[in-house]
Amino acid sequence: MGPDTKHASFPGNLVMLGFGSIGQAMLPLLFRHLEIPPGRVKIISRNTDGMPIAEKFGVEFTVRPLTEDSHEALLQSCLHEGDFLLNLSVDVSSLALIRFCWRRGALYLDTCIEPWAGRYTDASASLSQRSNYTLREEVLAFRRDKRAGPTAIVTQGANPGLASLFVKQALLMIAADNGLHMEKPARHRDWAALAHRLGIKTIHIAERDTQSADRRKQRDEFVNTWSVDGFASEAFQPAELGWGSHERHWPADAARHGFGCGAGIYLQRPGAATRVRSWTPLEGDYHGFLITHGESISIADHLTLRDNDAIVYRPTVHYAYHPCDDAVLSLHELAGKNWRLQRNKRIMRDEITHGMDELGVLLMGNDKGVYWYGSRLSIDEARRLAPHNTATSLQVAAGVLGGMVWAMRHPRAGAVEPDDIDYEAVLEIAKPYLGKLVGVYGDWTPLRDRSALFSEDMDRSDPWQFVNFRVI
């Protein structure tokens, strides 16, 4: 597909909620790949960030925050049957917007499930109530009797989003390398059976962002290559992971939710204070943050194999994120200030001089070794591909674009997750913006080269136990 291929003709109006780094990254792709005039696109933002970009494209820009009390009154004048709400905001309830779109007959997509402002830092709320697990269960409860109706895709960006699709592609590639030439599995149970047969015990969303600029982080400043508010929000949440059936060492600070699908657990500490060992082909060994993400739960849930009520198989799944170096320093300062967010925020974009985002999934347990599959996108290539982007924002925008086109082609699919949709169709649309999509085997394990000088909890009989990944 060429850079100007039109993937869908959309006759309705498109409302974009939020216009931060991802919204600004998305706007050029919308007009490049969707047949929709600027007059039918409207941006609603809580501030004026990016307004000159919107004006350049001739798009209406409204500055107004959405609240629990005001969101319906503001949206009902611009969102009708057959329209599309693209939610790229923070601190606005995804479930409230999904409910509103359902009643209006409008399509919907977001990149993560958000609550109303304040829930992540509400001291009166339990850790479970502040988790992505609970937010997902609320959406699943809403959709339980609404399998058909206006399509609403939740958590469809890069990760969550493309990560779920990468897992499926990786499973098929590992299967082929093991001599299992087979048709694409048709059901979640079939994918779970394939992962079980391949011996996959643990899956990391393994990401290393090496983008940097000549202007370094300053004191009392949070620097990132994508939304500062979005990253800080998930960093404040408890660390979460899908809990595998092979695990035999229960973490001392872990807890179960006691309701829902049962695929995930949480740790009684923020993700930004929890580190794990992981590996990518270019970076090699690294320590990443176990930041909570929706795909950690959804992938584990969809790859669960049951015999009646008994769990036969489930992999452990979690994020292992090493953001850009300035973001790591920002997290270090944030933790030192007892999680009081810095006064100054800066999203790097035009000042980035070099680096890339190596974003993929690491599947572990197969006899051929660990297998990393994902996107390698440099800042130089991102700039060549689309304006107003970093490597990180373009990977997210690619996932959003693929999801939007799928929703437009399947407008009556109801509420769905990335794990529910056709991964090949979405990847085909996203692929031109992902740099190099590669699959690489390695001989890495979390036990490799561990020094005998230090006394650590390890299980050498099975390298894929979570206790071996966790950095204490």
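At what angle do helix H1 and helix H12 pack, and how far apart are their axes? The two helices, residues 21-33 and residues 391-409, pack at an angle of about 50°, with their axes 9 Å apart. Please keep in mind that this is a predicted model, where local features need pLDDT of at least 70, side-chain atom pairs count only at pLDDT 80 or more, and totals for chains, interfaces and linings use all residues. Residues are numbered from 1 along each chain as its sequence is written, and side-chain values use heavy atoms, with hydrogens and water left out.

**H1 against H12**

- Helices (H or I, at least four residues) and strands (E, at least two) are DSSP runs, numbered from the N terminus. Axes are lines fitted to C-alpha atoms, for helices over the stretch in contact, and angles run from 0 to 180 degrees between N-to-C directions.
- H1 and H12 are therefore oblique to each other; angles under 35 degrees count as roughly parallel, over 145 as roughly antiparallel, 65 to 115 as roughly perpendicular and the rest as oblique.
- H1 and H12 make a right-handed crossing. A crossing is right-handed if the near helix is turned clockwise from the far one by less than a right angle, and left-handed if anticlockwise.
- On the H1 side, the contact (heavy atoms within 4.5 Å) is made by Ser-21, Ile-22, Ala-25, Met-26, Leu-29, Leu-30 and His-33. H12 brings Ser-393, Leu-394, Val-396, Ala-397, Val-400, Leu-401 and Met-404.

**H6 and its partners**

- Helix H6 (residues 162-177) packs with helix H13 (residues 423-430) at an angle of about 110°, the axes being 10 Å apart. That makes H6 roughly perpendicular to H13.
- The crossing of H6 with H13 is left-handed. From H6, Leu-162, Leu-165, Phe-166, Lys-168, Gln-169 and Leu-172 meet Tyr-423, Val-426, Leu-427 and Ala-430 of H13. Eight nonpolar, one polar and one charged residues make up this contact.
- With H7, H6 packs at an angle of about 50°, again with axes 10 Å apart. H6 and H7 are therefore oblique to each other, and their crossing is left-handed.
- Lys-168, Leu-171, Leu-172 and Ala-175 of H6 meet Trp-191, Leu-194 and Ala-195 of H7. That contact divides into six nonpolar, no polar and one charged residues.

**Cavities**

- Rolling a probe the size of a water molecule over the atoms shows where empty space is left. On a 1 Å grid over the protein atoms alone, a cavity is a set of points where a 1.4 Å probe fits but cannot get out, and a pocket is an open set with protein on both sides within 12 Å along at least five of seven lines; lining residues have an atom within 4 Å of a point.
- The whole structure holds three cavities of 30 Å³ or more. Grid points are joined across faces, edges and corners, and a volume is the space filled by probe spheres set on the points.
- The largest cavity has about 70 Å³ of space. Its lining consists of Ser-164, Val-167, Lys-168, His-188, Trp-191, Ile-299, His-302, Leu-303 and Asp-419.
- H6, helix H7 (188-197) and helix H9 (294-302) each supply at least two residues of that lining, and H6 gives the largest share, three residues. The lining has four nonpolar, three polar and two charged residues.
- The second largest cavity, of about 50 Å³, is lined by Ile-113, Asn-132, Arg-136, Thr-155, Gly-294 and Glu-417. One nonpolar, three polar and two charged residues form this lining.

**Second largest pocket**

- This pocket has a volume of about 300 Å³. Among its 14 lining residues, Pro-251, Asp-457, Val-467, Arg-470 and Ile-472 are the closest to its centre. By class, the lining comprises six nonpolar, two polar and six charged residues.

**Backbone details**

- The peptide bond from Asn-159 to Pro-160 is cis, with omega near 5°. Pro-160 sits in the loop between strand S8 (149-153) and H6.
- Asn-338 is not a glycine, yet has a positive phi of about 55°. The loop between helix H10 (325-336) and strand S20 (344-347) holds Asn-338.

Technical notes
Ala, Val, Leu, Ile, Met, Phe, Trp, Tyr, Cys and Pro count as nonpolar, Asp, Glu, Lys and Arg as charged, and the others, Gly among them, as polar.
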